[in-house]
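Colleague: Hi! Could you walk me through the interfaces in this one?
Modeller: Happy to, here it is.

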Amino acid sequence: MTSYRIDHGGLIDRTRPLVFTFDGRSYTGFDGDTLASALLANGVRIMGRSFKYHRPRGPWSAWVDDPNAIMNVKLNGREFPNCAATTTYLEDGMAARSVNAFPSAQFDVKGGLDLMHRWLTAGFYYKTFMWPNWHLFEPVIRKMAGLGEISRDVFEDYVSDQVHDCCDTLVIGGGGTGLAAAREAVETGENVILVDDQKTVGGGLFRTGLIEGQAAADWVEAQVAAIESGGGRVMRATTAFGIHDHKLVGLAEHGKFGCPPRLWRLRPGRIILASGALDRPITFANNDRPGVMSLDGACEFLARYGVLVGRNIATLSNNSGAESSARTLEQAGANVVTLDPTAGHACAIGGKRLRGVELNGAFHYADTILCSGGQTPLVHLWRHAGGKLDWNDDLQAFVPGKAPEGMIAVGSANGFFDLQHALDDARAVGADTARPNKKSSYKLTPLWPKPGSKGRQWIDFQHDVTIKDVELAARENYVSVEHLKRYTTLGMASDQGKTSNMSGLAAMAAVLDRPIPEVGTTTFRPPFVPQPLALYAGQRKATLFSPLKRLKLEPEHRAADAALVEYGGWLRPGWFGSGDPTEHIFNEVQLVRETAGIFDASPLGKIEILGPDAEAFVNFAFYNTIATLKPGHVRYGFLLNERGIVMDDGVVARLGDNRFVISCSSGHVDHVRDHLEVWRQDCNDPERIFVHDTTQHWSTVTVTGPRARDILEKIDTRIELAADAFPHMTVREGTFDGAPIRVARVSFTGELSFEVSIRNTYATALWNALLKSGASIGAGPVGSEAMMILRAEKGYIIVGKDTDGLTMPHDLGFTVPRLKKKAAFIGDRSLHMQVGNETDRRALVGLEVDTGSAMLSTGAHIVADGSKPRTLGYVTSSYDSPTLKRPIALGLLEQGAERIGEKITVWHLGKTVTATVCPPCFYDPEGVHLDA
Amino acid sequence: MRDDRMKWAPAGRELATFEGDGFRFQCVTMQSQALVSASDILTRMPDALGWPDVICGQSYVLSLRRDRVLVVNGPFVQDGWDSELSQAVSDVTDALTVFEISGPNTLALMRRGAEISFEAPSRSASRLLFGFGVFAYRYESHDTVRVHVNHAHSDAFAQALRQAATRMQATLT
Amino acid sequence: MFQRYSAFSLFQQGLRSHRGWTSAWRTPLPKSTYDVIIIGGGGHGLATAYYLARNHGITNVAVIEKNWLGGGNTGRNTTVVRSNYFYPESVDLYELSVKLYEKLSRDINFNVMFSQRGMIVTAHSEPEMEMAARQVNAMRINGTDAELLDEAQFRKKVPIFNFRPDARFPVHGAILQKRGGTARHDAVAWAYARAADSAGVDIIQNCEVEDFIVENGKCVGVNTKLGEIRAGAVGVAAAGHSSDLLQKVDITLPLNSYTLQAFVSEPLKPVIDTVVYCPLTGAYVSQSDKGGLVIGGGLDRVPSYGQRGNLPMQEAVMSGLIEMVPLLSKVKLLRQWGGTVDVSPDSSPILGPTGMEGLYLNCGWGTGGFKAIPAGGYLFASILATGGHHDISKPFDLGRFITGKLIDEAAGAGIAH
């Protein structure tokens, strides 16, 4: 056993042992361990395999920057893919398994791929697999790619809570500087939130000895107590994963394993970035071997988990920060030899087990090699927010430069590696006072990858990118940092380049013989660490995803055995009765034609236009002339968009000199209302026109059929219903049960129809009264499916079904306003564009099938005959008509008006039938029934 | 068409009163709600309130936009255009379902559906809450909020609120 | 000299530690004149240069790119290739592209990994199935492949889709274009760059065009960071930046630039082997050959050149995806990014003359430019070489916004917007 648990220290609770398995073997750890620390404590070092060559991998570090120890983890019957062992806290009963390795990480059958590495270099797949084509090779490559398997189970209740919040100051990072800054900010009276992604705040402090005279744990506790007692909030296990425009910070608050994290959308007044810095790898031969680890990482394993990563440690470092780490490890019981890699060539010796390190030809025995190539400030969030970076030559690192508005960096995130200096600086920032000016004592000798040097030297451990790959990229001229990254795939693994970006950049800089800052950096993008999709999705699912609007009368419909269908954004009766709908719908159509049907038309829009300019505005909004409409009268019309396309149809009722109600189609209400609100402010005076959407105040019950008047007469409405007193296309006001009602004689079915509108509170009473009255003569409720057939029999269009985004009103036979209406209206000029004047435009027609044939398919194309079929139009509505006892159809057809009587060919999914063009009205073309 | 009667819980069920951890949610009946629009409406009705004003009393006026208010439980006014007063009036009493959320966790619950705080004022009571366009304001006490929701979406709104409450109460541990 | 890629050359070079590979393209300094200048070194610009050389024998060409080649939308998209459009004009255009993609790797000797794994668009009601039928018929009549799947056939193709009783949008069926699929986006840019370069085209990277040189009303070249460069014809293929460029010569284009976000998940073992788009959730997904799920959705509807996008849209897309495939809630998002898409009033591209002599346009591809790279290049080359339209590019002329003959795909599907 190389790594082991020492008998003291760490933040783990040694009184609470936990049992878990990895690749089928059972182990014990403690509460507070991560999977990685617990495995190391048990001497297990190989925790995964690299993506391409399947080389054995052990953890590089102890936290988010580890690219190697990726596992699928199962707990309580649910397996989560691609968990980072270094950031997954241990729980009793966890079953972890390595990914992309079979049968285990220790023994992977695909380990042999490494023998082919010579040919499996960066971008090799661009140079081959072309013959015969990619499809021959793709399935194998796909199976070999990918990390974890994903369970096909849906995890019910894996739904994230999502919440908005705000504060004065957000401190990102609960290490020494974060805590100091937060405390100061709290003490100035600010509303402060501090977030840290670990369960125990304190960052890297537990690695150091005393802080301002106190033991780390005590010092941390004191700061936390001060922050919390001052009203500040300390959020643990919470990752700030992204900063978006206008300082919207995304936080993922993590809980127990298997719980969906909580999303915080936090809007702080200012942000103090104390996110720390990462220990940098050193690039040398065989540096990817298990046992080659981060020096800081090893100290973290010791400090937080009481795990010593090796017994005989060789350290390789180029900076002044490494010395104290080496001493700490020695004090814990390891044999440590410190080596200076800056002077020569290093090589790790060993395979799955490290035997030692060779430096400039001299062999040093070691079972573990700990590297520290310098510190890389974690500037991801700084860059998300648009902050700039400066290259610091002394630190050989990119540090925060020009700040985004309202953001400031402190501590090692800012390149301050001296703890006391960083604390003083952070306190000044927290209190918003002048920042002290001090020189750093941190020393570093530049140590970067040396292209051309011997041996295989890794840049990206997960994607198996080596210096040779960078040299190859340079050789082939993929020299910009983005080309380099995309060609070699370095930095694109699940760690998003936390350990590979700098060495990759430096390697390219060396190859090009240019300074590192000239090569540039890649773009930093959220999320800082991968986040479950559930975090973003929240509870927007099932019936909460785009929820339907509900009718006031829904309970009545359900009681009457209605089939409720989704249409136009509403849930409404499609037909009444259970089982196969065909007969129910058939009967409802006949009922309306012979007696009467009672239909819930509540979704129809009721948008009122009010004001001294109401008449002019409605006349402007509509294609038809509305200015001549008299109070008490109703007119059918089209709303066009600026392109002259029919956007919606509906009826306009004039209730008074300065009051109109637009009854637009149910699915378009919001769109029409918004359209009218826009146009009221453009080309019109908004002080004299107001748009009130009263749609949902009203329920509307339509009684339609030859006996409709009889039904209405039986209920008391105070309205004179006789034909001469109440003609077609007029509106009357009355009362029912003391409540005001409006009754319009408007018909969508071609039969005598009364649309009775009443406020919702009285809707049930009205509905029941009409139903009772109707029942006495054999009338009953009908649904939307029957209405669709009835209106088609009359040739009444449905906008968006019998029209499309090219249909202009003259295509539908409404030609007069285009030629004669003088007043300006929306879309008027577009109607006369070249395209509007063309003679082959598609017009609305009716279609009759050959005798005995089946009905046409909606969506079928009408085609010109010839060697290559050409679309002349479409079948837009098609039904078996119960009234006419034969199929009927509507469609759009080039020069339709001139082709009445012609036989045409209808093409559908490769088959053709013939049909005859006829006028688009199959029932009562004179409108005798309407005027009853 | 597809029969979805089983897919959607019967309308009305979600509107029942429910209590959660630190909040209570119930439906409130209004006598009347009227939209009143005029170009100078806010000067005419300086008592029209927004957020985070605490609105008191039986009758009050909500400021919705610079040319529109909602008069709640006001005196009866005829629907239509009043040419003397130069204002447009529409009765929308049954167009808006009114909910009341009260208790110490009211704001925490609302924050599940909107970026809202007492420190961020708004002249208008209009906002998006759980994706629905609503009117929301504080009523009578500092931790009570009334929300006016389009009638047809009242079930969905209540459902969204309930689910958010469940999420809020579920712990991460 | 063009170095042929093949399994054999790969094997040989492997033995020599790959020291024998040469540049995929040169890094030349610009000359003072060319026959043709193309502004924009993305997929379209590079493809244009290639086809100028290959189809028209015109090799004295410069592609001028302000950053690094392929670094704009070509390197930021969700890699989908398809020709499932409605109008014959669109089908002709995108079909040309699919056909060119089918042979591309072998034609220009670079594996772009074109995978014809199928493009599926779902339908969730009877009316939607009717519109799907209309779309399938349109595609077949116009000469491309399309199938109308029923629910059972769709389920076989995408077993992980949401078939639960509480699915918000139960599937009724879908449109399948078998020949649609994905391609490796960077590889497409690199392939064309290498092929054009080897034919003699100069690709000038990191060279921003500052202004046009106009003499007697004719565009005769450009002013760049590296000096003046003159040409017989100048073609602009600058996607989201087309409007600002053309503003320099007072030409206003009917374009708005928005951010379109895209996403990739952590790499997973294969779970889906086709591309699925659900119009009602607004999200679509496929799985790359590396294992990550590539996810896309709608625009951030605020005009911007930020290439970032914001959280609300991310939430909208992810909730749409989870509603389509609920089992994915446990998968982790690895990275999001954005591109700047130039959207025209009919969401169809603008190809052809600008009205100023010597200056030509290839833009307005909006969210759909990647699939059209080969066709865009092929047609733009024809326009630049001849000064006039190819049959397929003609309907996409800028003048259509005056005649009103828009090619509005969404309109064709019935939506009047």
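Modeller: Let's start with chain B and chain A: 52 residues of chain B are in contact with 58 residues of chain A, contact meaning heavy atoms within 4.5 Å. One caution: this is a predicted model, in which local features need pLDDT of at least 70 and side-chain atom pairs count only at pLDDT 80 or more, while totals for chains, interfaces and linings use all residues. Residues are numbered from 1 along each chain as its sequence is written, chains are lettered from A and ligands numbered from 1 in the order in which they are written, and side-chain values use heavy atoms, with hydrogens and water left out.

Colleague: Thanks! What area is buried between chain B and chain A?
Modeller: About 4900 Å², with carbon and sulfur atoms giving 53%. Buried area here is the accessible area (1.4 Å probe) that two parts lose on being put together, summed over both. On the chain B side, B:Arg5, B:Trp8 and B:Leu172 lose the most area to chain A, together 18% of what that side buries.

Colleague: And how many salt bridges are there between chain B and chain A?
Modeller: Ten, where a salt bridge is a side-chain nitrogen of Lys or Arg within 4 Å of a carboxyl oxygen of Asp or Glu. B:Arg5 turns up here too, in a salt bridge with A:Asp561 at 2.8 Å, N to O.

Colleague: Which elements of chain B give two or more residues to the side that touches chain A?
Modeller: Those are β3 (33-37), β7 (80-82), β8 (87-91) and α3 (154-169) of chain B. Helices (H or I, at least four residues) and strands (E, at least two) are DSSP runs, numbered from the N terminus. The largest share, seven residues, comes from α3(B).

Colleague: Now chain A and chain C. How many residues does each bring to the contact?
Modeller: Chain A brings 112 and chain C brings 107. Between them they bury about 9800 Å², 56% of it on carbon and sulfur atoms. A:Arg142, A:Arg525 and A:Leu533 supply 8% of the area that chain A buries against chain C, more than any other three residues.

Colleague: How many salt bridges does the rule find across that interface of chain A and chain C?
Modeller: Twelve. One to look at is A:Glu566 with C:Arg168, whose closest N and O atoms are 2.9 Å apart.

Colleague: Which strands pair between chain A and chain C?
Modeller: Strand β32 (residues 531-532) of chain A and strand β16 (residues 332-343) of chain C run antiparallel, joined by two bridges. Two strands pair if DSSP finds at least two bridges between them. A:Gln531 has C:Leu333 as its bridge partner in β16(C).

Colleague: Staying in chain C, what about β9 and β10?
Modeller: β9 (residues 209-215) and β10 (residues 218-224) of chain C pair in the antiparallel sense over six bridges, and C:Ile213 is partnered by C:Gly221. Their hairpin has two residues between the strands, and C:Asn216 takes a positive phi near 55 degrees.

Colleague: Last one: how many salt bridges over all chains?
Modeller: The count comes to 91. Within chain A, for example, the side chains of A:Asp296 and A:Arg207 meet in one at 3.5 Å, N to O. A:Asp296 lies in helix α5 (residues 295-305) of chain A and A:Arg207 in the loop between β10 (192-195) and β11 (210-211) of chain A, so the pair ties together parts that are 89 residues apart in sequence.
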